[in-house]
2 protein chains.
Amino acid sequence: MTGMPIDIAVALDAVVAAVSDDEPRVLVRSPGEHLPADALPAGTFDPDADATLDAGLRRWVTEQAQLDLGHLEQLYTFGDRGRDGRRRVLSVAYLAFVRESTPRAPRVRWHPWYRYFPWEDWRDGRPAIVEDAIFPAVEAWVAAATDPQARHDRQRRTRRAIGTRRAPWNEELVLERYELFWEIGLVAESRAPGPMLLGERMAFDHRRILATALGRVRGALRYRPLVFELLAPDFTLPELQQTVEALAGRRLHAPNFRRLVEDAGLVEPTGAARQTAGRPAKLLRYRPDAIAERPDAGIGFR
Amino acid sequence: MTGMPIDIAVALDAVVAAVSDDEPRVLVRSPGEHLPADALPAGTFDPDADATLDAGLRRWVTEQAQLDLGHLEQLYTFGDRGRDGRRRVLSVAYLAFVRESTPRAPRVRWHPWYRYFPWEDWRDGRPAIVEDAIFPAVEAWVAAATDPQARHDRQRRTRRAIGTRRAPWNEELVLERYELFWEIGLVAESRAPGPMLLGERMAFDHRRILATALGRVRGALRYRPLVFELLAPDFTLPELQQTVEALAGRRLHAPNFRRLVEDAGLVEPTGAARQTAGRPAKLLRYRPDAIAERPDAGIGFR
DNA sequence: CGGCTTTTTCTCATAGTTAGAAAAAGCACC
DNA sequence: GGTGCTTTTTCTAACTATGAGAAAAAGCCG
C-alpha cells in the first residue's frame, strides 16, 4: 500500500491425484539433476504469460506432464521459506483430480500416495507402523519434555494428531500428523532428522503440501461430489465405494454406503450392468443436477 | 523451475472480525486519498522484513490499526487481476478474530459486516431485499438467456446460490451469491453495474474477500471452536448463542443449542452467574482440552 | 406475594446411523 | 441342470442424534 513495491518470486505447485487399482496416486517428477527426491509438478507464475494463477498452473502441468487438468482447486499458499537460500519465497499449491492413468511425459510418473504416508492407510486395519514406530516415538517425545507445562502441551497435541493407543485417530488430520512427525524428526525432511524415518521423502516441502492435500480431500469427500472426477463416466457402486475408501483410507459398510449415495440422489442407473465374479453390478452415472438441488450433496459417510 | 525468475508484487489483506452488540463487525480503513471506498487493512509482503506471511500481516495490521491479532487463518490467494493496470498481481487474504472493540487508529473503524451483505442476515426472518430485489433481478437474468442451454446453466447456478422462493437458502454460500450478483451487475463493483445496487461497496475486490471470509466463518463454526475467540473469557450460554447467531445469520433453538454445547464438552461453569432481567445466567469458560479429546469439536448446529 | 422476564430442564416425535442378516443374481463345475 | 461360491443388493432392528415445544426454575419489580 505504502512504500516501495517489493517483488517476489511466486511458484505454483500442483497436486494431481488419480485412483487406479484401488490405489490413490499422485503425479510426481522423478529425482534428477536439480531434484534431490520426488517433486510435484511446479513452475514460476508469470503474470505476463497467464492471466490467472490456475491458467499458469495448467500450463506448467501440460508442459511437464502432457496432461490436461479438469477441475482445479486452490489448496494453500506457503510463504515461510524465504530464509532457506533459495530464491523462491512464495508458493501457491493447487489440487486437481484426473481420471485414471493418462498419458505421461518422460520424467514424470504416477506414484502411490501412501508411500509418502504409510501411516494413513487403514484399509486393512491399523498399519503396523503406527503401533511399532509412531506411538513409541511420540510417547518418548512427550515424556522428554522437561517442564510440566510443555509436557502437557505435547500431550494435547499428540492426542489431537494421533489419538491414543485405543482412542480415535481422526483421518482428516493428515497435516497435523505430518507436522508433528516433522518436528519430532521422524521424517527425512525434518530440520534434525532422527534415526528412524517414516515414509518416502520428497523434495523441498512437497510432502507437506501433499499432506495438506490429503487432509483436504478427506474432508471434502463428505460434502462435495469430488470422487466422480476420478471415475469413468459409467461406474458401479462398489467401484465408487472402493475409490472413496482408497482416499478415506478406511473401509466402509457397503449397505450403508449404498443408501447414502442413493438417498443423496447423486447417481442414476444407466440400465446396463457390469459382470463380476458374483452378482453383476448395475452401472451408474453421476447426476450433476444433484448439486443444484442440494448444495451440500456429497457422500456424507462418517 | 526453469527460465528466468519472474518477480511479482504480493499484497496481504486482513479480514479482522469481532462481534459486539450482537453485530458482527469488520475492521476497515475509511475512504480517503487513494481509497475510493472502505478497504481492508492491507500491505505489501516484504520477505526481508518478515519471515512469514502472517508475520507480515500482523505488522501491517498493527501499523494501520494499532491492534494485535491472535489466531490467524489463511483464507485464499487471489491472483486474477494482473490486467487491471495496477501493479499488484497477487494478494493473500487472512482471517482473524479479536475480542470486542479494541483500540483504534485514526482512519480505521469497526463496520457492521452485514452493511456490505444485507441479504445475509436472516435473524429476523428473510430480509425484505431478498424478496423485493434479489429474486426478481435474478429471475430476469435467468429468463434473459437466449439459448436453452445457457438458461439451464443459469437456472442451476441460481438454485445453488439463492435457492428458490420457497426452497432452502444455504447460508454458507456467501461467495457464490456475491459472485452471482457481481456478474449480473447487482453490486457497485461489477464490471457493468446496473441501476439497482445491493449493499455498501468496498474498494478493489475487498468485498469479494469479505464474502469468502463470511462463508468460511459460517462453515468453520460448526466444527471448530472459533466463537470463543470473540468472547470474553467468561460468558453465558445465551451470549455464546447470540454470537453464533450473529455470524450464522439466523436464530437457533436455545434448548438444543445448550445441549449441543454441553454434550460437546466445550465449556465448564465458573461457578458465578450473570444477572439479567430474568433468571440469572451461569457464567462459563471455554475448555481448551475439548479440542484434544474430540478433534472435530465445534458447535454442530444446523 | 403475584406478575414478568429470561434461563434452564425435560419430553417426545422424527430422522438419521450403525451393524448385521439374508436374499438375489450371476458363474463354474460337476 | 443342480450345487456351491462370490459378489451385489435389499431388508431390519437397535441405537443415536435432531427439531420443536412445554414447562419448571430463578431472579427482579412493584
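Reader: Where is the place of I162(B) in chain B?
Author: I162(B) sits in helix α3, residues 148-162. Helices here are DSSP runs (H or I, at least four residues), numbered from the N terminus. This is a predicted model, where local features need pLDDT of at least 70, side-chain atom pairs count only at pLDDT 80 or more, and totals for chains, interfaces and linings use all residues. Residues are numbered from 1 along each chain as its sequence is written, chains are lettered from A and ligands numbered from 1 in the order written, and side-chain values use heavy atoms, with hydrogens and water left out.

Reader: Is I162(B) buried or exposed?
Author: Buried, because its relative accessibility is 2%; the cut-off for buried is under 20% relative accessible area (1.4 Å probe, protein chains only).

Reader: What is I162(B) in contact with?
Author: Leaving aside neighbours within four places in sequence, its contacts include I134(B), F135(B), W169(B), R177(B) and F181(B). Contact means heavy atoms within 4.5 Å.

Reader: OK, α4(B) next. Which residues are buried there?
Author: In α4 (residues 174-184), V174(B), R177(B), Y178(B), L180(B), F181(B) and I184(B) are buried. They are on the same side of α4(B), because they cover an arc of only 160° around the axis, taken from the directions from the helix axis to the C-beta atoms.

Reader: And what covers the buried residues of α4(B)?
Author: The cover includes α2 (128-144), α3 and α5 (206-223) of chain B.

Reader: What comes just after α4(B)?
Author: G185(B), with a positive phi of about 90°.

Key
Helices (H or I, at least four residues) and strands (E, at least two) are DSSP runs, numbered from the N terminus. Buried means under 20% relative accessible area, exposed over 50%, partly exposed in between (1.4 Å probe, protein chains only).
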